[in-house]
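Let's take a friendly tour of how side chains can pair up in a protein. Have the structure open beside you as you read.

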Amino acid sequence: MNYLARIYVTPKPGVVDPQGLSILGGLRNLGYDSVVGVRAGRYLEIQLGEAASSEDAETRARDMCRQLLANPVIEDFHFEVTESGQAANVDR
C-alpha cells in the first residue's frame, strides 16, 4: 500500500526564530498590529512507496524526521500519514 506523510517541523518553544521575527515585523509594517507572534517552520509531503501497514509507514516517517528532517536540539516535528483518504495524526 502507498502512503503520504505530511510532516511539520517547527522551532521548539524558547528557540529564537529569526524568520518568524522577520515575518512578524513585515506584518506589523503592513498594518497587522494585532499579530503578536509568528513561528516559521517547514511543511513537507513525502510519498512513501509500498509499506506493509500504516504503522510501518508511520515508523518510516518518524525515522526520517529523527535522522534528517528535524534537528532534535532546536526543532519539534509532528506528522500525519494518509492512505486512501484517511489520516492518523502522530506527534513526536
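A residue is called buried when its relative accessible area is under 20%, exposed when it is over 50%, and partly exposed in between. At 28% relative accessibility, aspartate 56 therefore counts as partly exposed. Keep in mind that the model you are looking at is predicted.

**Charged pairs**

Side chains of opposite charge can pair when their charged atoms come close. How many salt bridges does a search of the whole structure find? The search finds four. Here are three of them, with the N to O distance of each pair.

| Salt bridge | N to O distance |
|---|---|
| glutamate 45 and arginine 6 | 3.8 Å |
| glutamate 75 and arginine 42 | 2.8 Å |
| arginine 60 and aspartate 56 | 4.0 Å |

Let's start with the salt bridge between glutamate 45 and arginine 6. This pair links distant parts of the chain, with glutamate 45 in strand S2 (residues 42-48) and arginine 6 in strand S1 (residues 3-11), 39 residues apart. Both partners are partly exposed: glutamate 45 has a relative accessibility of 47%, and arginine 6 has 22%.

Next comes the salt bridge between glutamate 75 and arginine 42. Glutamate 75 belongs to strand S3 (residues 75-83) and arginine 42 to strand S2, so this pair ties together parts that are 33 residues apart in sequence. Glutamate 75 is buried at 13% relative accessibility, whereas arginine 42 is partly exposed at 37%.

Arginine 60 is partly exposed, with a relative accessible area of 29%. Salt bridges that share partners also join Arg6, Glu45 and Glu80 into one network.

**Aromatic pairs**

A pair of aromatic rings is described by the distance of the centres and the angle of the planes. The whole structure holds two aromatic pairs. In one, tyrosine 8 and tyrosine 43 are tilted, at 5.0 Å centre to centre and 45° between the planes. Tyrosine 8 is in strand S1 and tyrosine 43 in strand S2, so the pair ties together parts that are 35 residues apart in sequence. Tyrosine 8 is partly exposed at 27% relative accessibility, and tyrosine 43 is partly exposed at 42%.

Phenylalanine 77 and phenylalanine 79 form a stacked pair, with 6.4 Å centre to centre and 15° between the planes.

Methods:
Residues are numbered from 1 along each chain as its sequence is written. This is a predicted model: local features need pLDDT of at least 70, side-chain atom pairs count only at pLDDT 80 or more; totals for chains, interfaces and linings use all residues. Side-chain values use heavy atoms; hydrogens and water are left out. A salt bridge is a side-chain nitrogen of Lys or Arg within 4 Å of a carboxyl oxygen of Asp or Glu. Helices (H or I, at least four residues) and strands (E, at least two) are DSSP runs, numbered from the N terminus. Buried means under 20% relative accessible area, exposed over 50%, partly exposed in between (1.4 Å probe, protein chains only). Rings of Phe, Tyr and Trp (its six-membered ring) pair if their centres lie within 6.5 Å; planes under 30 degrees apart count as stacked, over 60 as edge-to-face and the rest as tilted.
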